[in-house]
Amino acid sequence: MSWFESLILGLVQGLTEFLPVSSSAHLRLTAAFSGWEDPGAAFTAITQIGTEAAVLIYFRKDIGRIISAWTRSLTNKALRSDPDARMGWLVIVGSIPIGVLGVTLKDQIEGPFRDLRITATMLIGMGIVLGIADRLAARDESGGKHRAPKQRKALEDLGVRDGLIYGLCQAMALIPGVSRSGATISGGLFMGYRREAAARYSFLLAIPAVLASGLFELKDATEGGHVSWGPTIFATVIAFGVGYAVIAWFMKFISTKSFMPFVWYRIALGIVIIALVGMGELSPHAGEPAH
């Protein structure tokens, strides 16, 4: 991997990790459209450490409170009803599905799931799901001619059942094209949570999974020696800087705006990919030339 490739891929990772458009799909597509080698699942996982570092810094006050309350609740039963202590447990509970499926489906994630036809299908399918969830949320928020606005749930209303559902939604993002934030935010909106609450829990829930995945791939890459370390670290640093800016923008955006621009973008991109693969202009498999 060249330094220029790592610069572009780092920018792509930072720009798309927190938006509901699938960062893994965009890394795969950027390489495919540019005629570069597929950066691979290991590169994606390692550069995500950079974007998760941005999450840790942006939500540092929340994370500090959660860790402190959760740790103290282990020995002090009275603190177990504290919202921050409960959030610590709910992040752990919500991380179980992706942890189990990530290990179980590791070979598929690094192989068959990276087929561009699957990526395109997921971009379109999850785009439609996000669009429906967004419309439901908008209807509740605005009410209607004969209906008062409906109060949607806050993070304080989150329980074990909803935490596990969020976790299952996050696990779907193991398939490129789904989008971690897109799947979890959609799940949250369908369960009746406010947009900002769904996004906030989505970001917090991603921390253990992404850091564990990145460190796991880091260990394998160190032992296997198949990673271009200089460009990969450079891309990770770029992803961190860009990712931090995107989080700050996105959290303000979702408080007043619809997700529909992302929905139409996903659907259009998916259709373009299917068309290019169908015409033989783009190979669906990494490492294979187009016809």
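A salt bridge here is a side-chain nitrogen of Lys or Arg within 4 Å of a carboxyl oxygen of Asp or Glu. By that criterion, this predicted model holds 9 salt bridges. Side chains of opposite charge can pair when their charged atoms come close.

**View 1. Arg 65 and Asp 84 meet in a salt bridge.** The N to O distance between the two side chains is 3.3 Å. The pair links distant parts of the chain, 19 residues apart. Arg 65 sits in helix H4 (residues 60-73). Asp 84 sits in helix H5 (residues 83-104). Arg 65 has 42% relative accessibility, so Arg 65 counts as partly exposed.

**View 2. Asp 140 pairs with Arg 152 in a salt bridge.** The closest N and O atoms are 2.4 Å apart.

**View 3. Arg 161 and Asp 162 form a salt bridge.** Their side chains meet at 2.8 Å, N to O. Arg 161 counts as exposed because its relative accessibility is 56%, above the 50% cut-off. Asp 162 counts as buried because its value is 5%, under the 20% cut-off.

**View 4. Salt bridges with shared partners build one network.** The network joins Asp 62, Arg 65, Asp 84, Glu 196 and Arg 200. Arg 65 and Asp 84, the pair of the opening view, are among its members.

Definitions and conventions: Residues are numbered from 1 along each chain as its sequence is written. This is a predicted model: local features need pLDDT of at least 70, side-chain atom pairs count only at pLDDT 80 or more; totals for chains, interfaces and linings use all residues. Side-chain values use heavy atoms; hydrogens and water are left out. Helices (H or I, at least four residues) and strands (E, at least two) are DSSP runs, numbered from the N terminus. Buried means under 20% relative accessible area, exposed over 50%, partly exposed in between (1.4 Å probe, protein chains only).
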